Amino acid sequence: MPTLEVMKKDTKTNLEGFAAAPVNLSLKPADKIKLLREMIRIRRFEERSLKAYQAGSIGGFLHLYIGQEAVAVGTISVGGKHDHYITAYRDHGHALTVGMGMDECMAELYGKATGCSKGKGGSMHYFAPDKNYWGGHGIVGGQTPLGLGLAFYQKYKGLKGSCLCYLGDGAVNQGAFHESLNLASLWDIPVVYIIENNGYSMGTSEARSSAFQHSLAKRAEGYNMDWDVCMGHDIYEVRAKTEIAMKRAHEKSRPTLLEIDTYRYEGHSVADANKKKYRSPEEIDEYKKTKDPIYLFKTKLIAEGVLTEEVYETIDQEAKNEANASAKFAEESPYPTEESIQEDIYWEVDHGRTSQGRIFFNDEQE
Amino acid sequence: MRKLTYREALREGLSEEIERDDNVVIMGEEVAQYNGAYKVTEGMWAKYGDRRIMDTPISEAGFIGMGIGASMLGLRPVMELMFFSFAYVAWDQMINNASAVRYMSGGKINCPIVIRGPANGGTGVGATHSHTPENAIANVPGLKVVCPATAYDAKGLIKSAIRDNDPVYFMENTLLYGESWDVPEEEYLVPIGKADVKREGKDLTIIAHGRCVILALKAAEILQAEHDLDVEVVDLRSIRPLDEEAIINSVRKTHRALCVEENKPFCGVGAQISHLIQSKCFDDLDAPVKRLSALDAPAIYSEPLEKLQLPNVDRIIKAALSVG
């Protein structure tokens, strides 16, 4: 079967070319501003959450998405009513993009009852099924069969839908992912696996963790599956290549493995003690200078006459204000009650028992 | 009343639910065109077709996870594990995803999935194929564990499991598939979490689940005839939720208890039950609670030794007589 003849090393960053893709030509100025605003909101939200973490207001893990914003915003912007999204633990960017509010997201980080998961999930476990967003999953690669199931449902119900299932470059060596690729192709399931390749699986570089030729996505050939690679700092390219993959899902019910090259500016998580050891500060600076997705899109939109510096500053200030307000909201919110520890476990306990017998076993009740 | 085998009763329950609800699908290794490795789904693919009955590759983490993902949107997949021992290959999906996605989403998601298959030893297939993980799975909040001992219960419980809105892990037994019991023609459900007193007695309560119930019933007949011991057999049917009331009521009547199960002894189901009995019925007891489990080793292959390793009628009789 034909695979797309795009090799990672040959891919050119071509803002002009991808701007001319139909999916981008149809964008109105307001749509473009919206894309930019979404990227800025993610960055400012995460910068504010980092500040809260450093202040001790947030515990646990905090995996920041800063640097990768064009991937979530670009891919999700192409989706429609029956397109679903699921990702791993670096999930704040996708959450804000699907329309989750900063308040509920920030409050979740603080472990507050007003959080999107009532303080029960934390940073790695954001969910908004009403917005087709199915998490937020903590185990590397563990979400990849779930994404298959979300897409299977679309096919089973005869809907023209898909699932965009995101994973990191460190997840490509998990067995569950390979099992998912096999099933996706074997059963013609409309899933798009998106490898957000930020170059490092925690502190281990791509070259030190994966055996591959040209690209990780090329592994799809072994599963008779279409694949493509994409430069993730260019939101036009991200949208153009996502649209091709989603069309393939919608119209042919065929899966795609799409590898999007990107970069994270922060450590694997905020708790990444070696974040400055496994890569050089120069490497990070170089990316920020030449490939920052927000800067590049801003520059592009100014050149297109869609944006001015003043408008950009206003958007940026609004995002900072919104992030600060969300931190205030989180700080002022109550913690969950002790009773809530045993809520939201069984559907039937929350909605009225359908089975009988004892379902919780607290020792103190003996 | 007509008799059905355990496997026929399961098949009838599965078929009724397939016909009742378009969201019910069956997936697993060899469940469709091969007619089921243990023939539980025999004839269903021919009758209901590719859309409802699907053969999967040997890929438990992949297809079980896929079922869990589809259930989050409202599908009611019934996933067959050819052996429940293969659950370990899909453990991340079954334990991390199915049990916790509701909690981690603050109650926004539920997983109405059934994962079913045989969980038993005694068939000479060695340690990798003889696991009985009901104790381990019942340890996980968010999951339910059901272990039917008869054809009647198997049918009624599989129907309840499919209609349940939480994940239900349904453990069968290859040694029971061919056994027959009375099963009525008319539709019925057996509620999850309700134990069944399979034999009434006044001298000793045996608490068991799955095939050990059948062994306990045989032992009870011998104990009655040869030792004048009148044994009550409480079939748990469901491990989580657990019918504590049935256990307590029986022990309050007989004042003696023996827990029998095929699990290994350490942290077995009997450990939880005996804790419950001492906690709730301490003053009713005339003797310490006894437990009988598999001998504490991986499942041995050698046939005569495997018979000794697992609870059997002789071991149950000995254990019953040893309750002071």
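**Strands, helices and a chain contact**

In chain A, strand β7 runs parallel to strand β8 (residues 256-261), and 6 bridges join the two. What you're looking at is a predicted model, where local features need pLDDT of at least 70 and side-chain atom pairs count only at pLDDT 80 or more, while totals for chains, interfaces and linings use all residues. Residues are numbered from 1 along each chain as its sequence is written, and chains are lettered from A and ligands numbered from 1 in the order in which they are written. Helices (H or I, at least four residues) and strands (E, at least two) are DSSP runs, numbered from the N terminus.

**The sheet**

- Look at A:Trp227 and you'll find A:Leu257 of β8(A) opposite.
- Strands β7 and β8 belong to an open sheet of 6 strands in chain A, with the order β2-β1-β3-β4-β8-β7 and parallel pairing (two strands pair if DSSP finds at least two bridges between them).
- β2 (133-136) and β7 (226-231) of chain A are the edge strands, each with a single partner, so one side of each has no neighbour in the sheet.
- On average, neighbouring strands of this sheet are turned by 15° against each other, direction ignored.

**Two packed helices**

- Helix α3 (residues 29-54) and helix α13 (residues 309-332) of chain A pack at an angle of about 40°, with their axes 8 Å apart.
- Axes here are lines fitted to C-alpha atoms, for helices over the stretch in contact, and angles run from 0 to 180 degrees between N-to-C directions.
- That makes α3(A) oblique to α13(A); angles under 35 degrees count as roughly parallel, over 145 as roughly antiparallel, 65 to 115 as roughly perpendicular and the rest as oblique.
- Among the α3(A) residues that meet α13(A) are A:Leu36, A:Ile40 and A:Phe45.
- The residues of this contact of α3(A) with α13(A) split into 8 nonpolar, 2 polar and 7 charged (Ala, Val, Leu, Ile, Met, Phe, Trp, Tyr, Cys and Pro are nonpolar, Asp, Glu, Lys and Arg charged, and the others, Gly among them, polar).

**Where chain A touches chain B**

- 42 residues of chain A are in contact with 44 residues of chain B, contact meaning that C-beta atoms, placed from the backbone, lie within 7 Å.
- On the side of chain A that touches chain B, α7(A) gives the most, with 9 residues.
- That side of chain A has 19 nonpolar, 14 polar and 9 charged residues.

**An enclosed helix**

- In helix α4 (residues 69-76) of chain A, 8 of the 8 residues are buried, so α4(A) is largely enclosed by the rest of the structure.
- A residue is buried if 20 or more other C-beta atoms lie within 10 Å of its own, exposed if 12 or fewer, and partly exposed in between, with C-beta atoms placed from the backbone.

Technical notes: Contact = placed C-beta atoms within 7 Å.
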